Each structure stands twice: as C-alpha cells, then as structure tokens.
Amino acid sequence: MSEGSPVVRRAQVLLAWLSGLPRTGVFLFALAVVLVGLFAPGLAGAIVLLVIAAGLVAVLRVTWPRLLAARRAMQLLLIAVLVVIAVVKLV
C-alpha cells in the first residue's frame, strides 16, 4: 500500500490519537484485551486475538520503513504467535 492509501491514512490517524492518550492507560487497556483473548474460551477468544493481530498488522504497515530489522522480526513473531494461539483455540 502506498503512503496515501486510505488504510495507511486511517492507521496514521489512529496512531496520532493513541499518542495523545496516557501511556499507562493504553498499556493497561491493551493488557486487559490480550488477557481476555487468552482466557476467553473457544471462538470468542480466537476472535479477540485475531482482531488484535489485525490491528498490529495495520500498525506494522505504517511503521515498517522506520523500524530496524530486529524490531520488524520481533513484531512479525508476535503477530504469528497470536495467530497460532487463535487457531489452537479454534481446534
């Protein structure tokens, strides 16, 4: 996707909005959502984890050019782990 695509623009707006929020609150909210996804049974937990993974992919697409290779690899690994856990929850 190009820099001017609607998805990239929406992700940039979301990142700008998040940067204005208190970091502790954002962290605690994200932690709570991840814990809900991990501990919710079956389909509900899998859906929450897949939504989180999709959000991380959107953020990663925007920040990709600015990230070092090691950081890219760690984020890709995190997304892969979330997807694998979601698939295991469905089985």
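1. Helix α3 covers residues 42-63, which is 22 residues, and spans 32 Å from its first C-alpha to its last, close to the 32 Å expected at 1.5 Å a residue. The expected span of a helix is taken as 1.5 Å times one less than its number of residues. Helices (H or I, at least four residues) and strands (E, at least two) are DSSP runs, numbered from the N terminus.

2. On the basis of the note: this is a predicted model, in which local features need pLDDT of at least 70 and side-chain atom pairs count only at pLDDT 80 or more, while totals for chains, interfaces and linings use all residues. Residues are numbered from 1 along each chain as its sequence is written, and side-chain values use heavy atoms, with hydrogens and water left out.

3. Confidence comes next. The predictor's confidence in each residue is its pLDDT, from 0 to 100. The protein has a mean pLDDT of 90, and 96% of its residues reach 70 or more. Where pLDDT is low, the predicted coordinates should not be read in detail.

4. The overall layout is α-α-α-α from the N terminus on, with four helices and zero strands. Along the principal axes, the C-alpha atoms fill a box of roughly 40 × 25 × 25 Å. Contact means heavy atoms within 4.5 Å. Of the contacts with a separation of 6 or more, 54% are between residues 24 or more positions apart.

5. How much of the protein is buried? Of its 91 residues, 21% are buried. The term buried means under 20% relative accessible area, exposed means over 50%, and partly exposed lies in between (1.4 Å probe, protein chains only). Accessible areas come from the Shrake-Rupley method with a 1.4 Å probe, and for residues only the protein chains shown count as cover. The accessible surface of the protein is about 6,500 Å², and 78% of that belongs to carbon and sulfur atoms.

6. Back to helix α3. Its buried residues are Gly45, Ala46, Leu49, Ile52, Ala53, Leu60, Val62 and Thr63. The cover over these buried residues includes α1, α2 and α4. An α-helix has 3.6 residues a turn, so residues three or four places apart point the same way.

7. Gly45 belongs to α3 and counts as buried because its relative accessible area is 0%. Apart from neighbours within four places in sequence, Gly45 is in contact with Gly37, Ala40 and Lys89. Gly45 and Val62 are 17 residues apart along the chain, and their C-alpha atoms are separated by 26 Å.

8. Not counting residues up to four places away in sequence, Gln75 touches Leu60, Thr63 and Leu67.

9. Trp64 sits in the loop between α3 and α4. With a relative accessible area of 33%, Trp64 is partly exposed. Its contacts, leaving aside neighbours within four places in sequence, are Arg72 and Leu76.

10. Ala16 is part of helix α1 and is partly exposed, at 48% relative accessibility. Ala16 and Val57 are 41 residues apart in sequence and, C-alpha to C-alpha, 17 Å apart in space.

11. Last, the surface. Phe27, Leu28, Leu31, Leu35, Leu38 and Phe39 make a nonpolar surface patch of about 600 Å². Patches are made of residues with over 30% relative accessible area and no salt bridge; like charges are joined within 9 Å, and nonpolar side chains (Val, Leu, Ile, Met, Phe, Trp, Tyr) within 5 Å. A salt bridge is a side-chain nitrogen of Lys or Arg within 4 Å of a carboxyl oxygen of Asp or Glu. Leu35 is in helix α2 (residues 23-39) and counts as partly exposed, since its relative accessibility is 37%.
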